[in-house]
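Please keep the sequence and the model in view while reading.

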Amino acid sequence: FHVTGTKGKGSTLSLCESILRNAYGLNTGMFTSPHLVDIRERIRINGVPVSKKVFGQVYWQVRRKLEHYSQHGDDDDDDAGASLPPLPVLPGYFRMLT
């Protein structure tokens, strides 16, 4: 589910995530923004922030794909006429993390 609003989203989401995980034994994934101390606290799997290793691997995997696309467009498309134009610039900090 998606929680929106102006106040209390993080607390509400943390409470719901904890109930789903602890009371019902479900596996959970949670993304919050902004982070308070460490950027990895935004992404939690079963209540635990992702490791530095996983965060770094996924960040650079996405970054390299965006860099390739911004330079070469959609090379993987068999129909060259339907190819999308290259991106003008890479996403900024906020967009890259959301």
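Is Pro-34 buried or exposed? Because its relative accessibility is 60%, Pro-34 counts as exposed, where exposed means over 50% relative accessible area, buried under 20% and partly exposed in between, with a 1.4 Å probe and protein chains only. This is a predicted model, in which local features need pLDDT of at least 70 and side-chain atom pairs count only at pLDDT 80 or more, while totals for chains, interfaces and linings use all residues. Residues are numbered from 1 along each chain as its sequence is written, and side-chain values use heavy atoms, with hydrogens and water left out.

Pro-34 sits in the loop between strand E1 (29–31) and strand E2 (43–45), strands being DSSP runs of at least two residues (E) and helices of at least four (H or I), numbered from the N terminus. E1 and E2 run antiparallel and are joined by three bridges, two strands being paired if DSSP finds at least two bridges between them. Phe-31 stands opposite Ile-43 in E2.

Pockets are open sets of points on a 1 Å grid over the protein atoms alone, with protein on both sides within 12 Å along at least five of seven lines, and lining residues have an atom within 4 Å of a point; a volume is the space filled by probe spheres set on the points, which are joined across faces, edges and corners.

| Pocket | Volume | Largest share of lining |
|---|---|---|
| Largest | about 540 Å³ | H1, seven residues |

Phe-31 is among the lining residues of the second largest pocket, as is Ile-43.

Note on methods. 1 Å grid on protein atoms, 1.4 Å probe; cavity = no way out; pocket = protein on both sides within 12 Å on 5 of 7 lines; lining within 4 Å.
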